[in-house]
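Have the coordinates open as you read.

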Amino acid sequence: MQQENSKGAAAASKDYAIGKSKVELRNVSKSYGEEWDEQTVIEDISFELTPGDLTVVVGPSGCGKSTLVNLIAGFERPDSGEILLDGKRVTGPGKDRMVVFQETALMPWQTTYENVVFGPKLRGDMRGKELKDEAERLLAKVGLYEFMHKYPLQLSGGMQRRAELARALINKPSILIMDEPFRGLDAMSRGLMQEFFLRLFEENHRTNLFVTSEIDEAIFLADRLVILSNRPAQVRKVIDIRLPRPRHYSMLNSQEAYDYKREAMSILHDEAMRSFSSTGVSSDFTENYTAQPNA
C-alpha cells in the first residue's frame, strides 16, 4: 500500500498538458419539430470561449443550455450560423471537445481504470505502458488511485464525478465542456467538487465551458458569465467576473461577488417573469407580484 501511495503522489505531481483553444459561436440558431410545428430553442446566439478562461453559461431551466452543449460538442449541427474551434468549423464530435454530462456516463460493467482508458484504447492512439502510466497519473490527480479497480456502483457520487473528469482529461481535449456535472450531488459533495474542479482549472487554465443553473456556483467558478434568456435562448448579457484567483468560497461573501450576483439575478428574475407572462396561466400571479412595493 505504501508503494502504491508513493507512486500515486509522484503521478499527481506531474503537470498536465494545457489546452488553450478558442471557440466562436456566430449567429447560431437551432430548432426542432416539423415545419408546421417547429420550435426554436436557440436563436442567433453569438459569444466566444476565450482561450484559457472558464466561461460559465447560466440561464432559466429549459432555455436550451444542454442544446448549446450538444452543438459545441458536435453531437448536433446548427440550423444556421457556425461554431468555430481555433478557426475551423465544428461539423461533428471529436476528442478535442470532451463533455462531462449531468448524469453519470460511466459504464457500470467496467472498473474505474477501465472506464478511464476506454477512449484511447478504443482509438488506439495510446497503448501499453504509456496508457497505463497516464491513466494512473490522472487517477492519482483526482484522488482515485486506490479505487481504480472499483466499479462505479462502489463509488460515491463525488468519486464518480472525479472518475469522469479523469476519463475526459486522458483524451487531452482542447475544450472541456461541463454540463451541470454536480447537479445530482448533495450540498456538501457539490461544494467539495466545485473547489476540486476549480483547483484543477487553476493549475493549467484549460479552456472550459461550464453550464449551470446555480448563480453562486457560476460566480465562484467563472472568468466570464454568459447569461441566457428564456427559450428561444439568446445572450442577454456577458459579465466579466474579476474575483482574484486562486479562489475560495469565502469570496462569495464579498461585496464584489454580491454585486455580480445581484446583477445576474435581476436579469434571470426578469426572464422568469417573462416566462410566466407568456403562458397566460399565471398572469394574475405576475400582476399581483409586480404590484408589490418590494417586488
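## Terms and confidence

Axes are lines fitted to C-alpha atoms, for helices over the stretch in contact, and angles between N-to-C directions run from 0 to 180 degrees. Two packed helices are described by the angle between their axes and by the distance between those axes.

This is a predicted model. Its mean pLDDT is 86, and 86% of the residues reach 70 or more. Residues 1-17 have pLDDT below 50. Beyond near neighbours in sequence, that stretch has 26 contacts in the model.

## Helices α5 and α6

Helix α5 covers residues 157-169, and helix α6 covers residues 187-204. Their axes come within 11 Å and cross at roughly 20°. Angles under 35 degrees count as roughly parallel, so α5 and α6 are roughly parallel to each other. Their crossing is right-handed.

Which residues of α5 and α6 meet? From α5 come G158, R161, R162, L165 and L169. From α6 come M193, F196, F197 and L200. Sorted by class, this contact has six nonpolar, one polar and two charged residues.

## Helices α3 and α4

Helix α3 spans residues 112-123, and helix α4 spans residues 128-141. Their axes come within 10 Å. The crossing angle is roughly 130°. Roughly perpendicular ends at 115 degrees and roughly antiparallel begins over 145, so α3 and α4 are oblique to each other. α3 passes α4 in a right-handed crossing.

On the α3 side, T112, Y113, V116, V117, P120 and K121 take part in the contact. On the α4 side, the partners are L131, K132, A135 and L139. By class, the contact of α3 with α4 has seven nonpolar, one polar and two charged residues.

L268 sits in helix α8, residues 255-279. Is L268 buried or exposed? Its relative accessible area is 13%. Buried means under 20%, so L268 is buried.

What does L268 touch, leaving aside its neighbours within four places in sequence? Its contacts are V58, G59, P60, I215, I227 and L228. Take V58: L268 and V58 are 210 residues apart in sequence. In space, their C-alpha atoms are 8.9 Å apart.

Conventions
Residues numbered from 1 in each chain as written. Predicted model: local features only at pLDDT ≥ 70, side-chain atom pairs only at ≥ 80, totals over all residues. Heavy atoms only, no water. pLDDT = per-residue confidence, 0-100. Contact = heavy atoms within 4.5 Å. Helix = DSSP H or I, 4+ residues; strand = E, 2+ residues; numbered from the N terminus. Parallel < 35°, antiparallel > 145°, perpendicular 65-115°, else oblique. Left-handed = near helix turned anticlockwise from the far one by under 90°. Nonpolar A, V, L, I, M, F, W, Y, C, P; charged D, E, K, R; others polar. Buried < 20%, exposed > 50% of the residue type's maximum accessible area, 1.4 Å probe, protein only.
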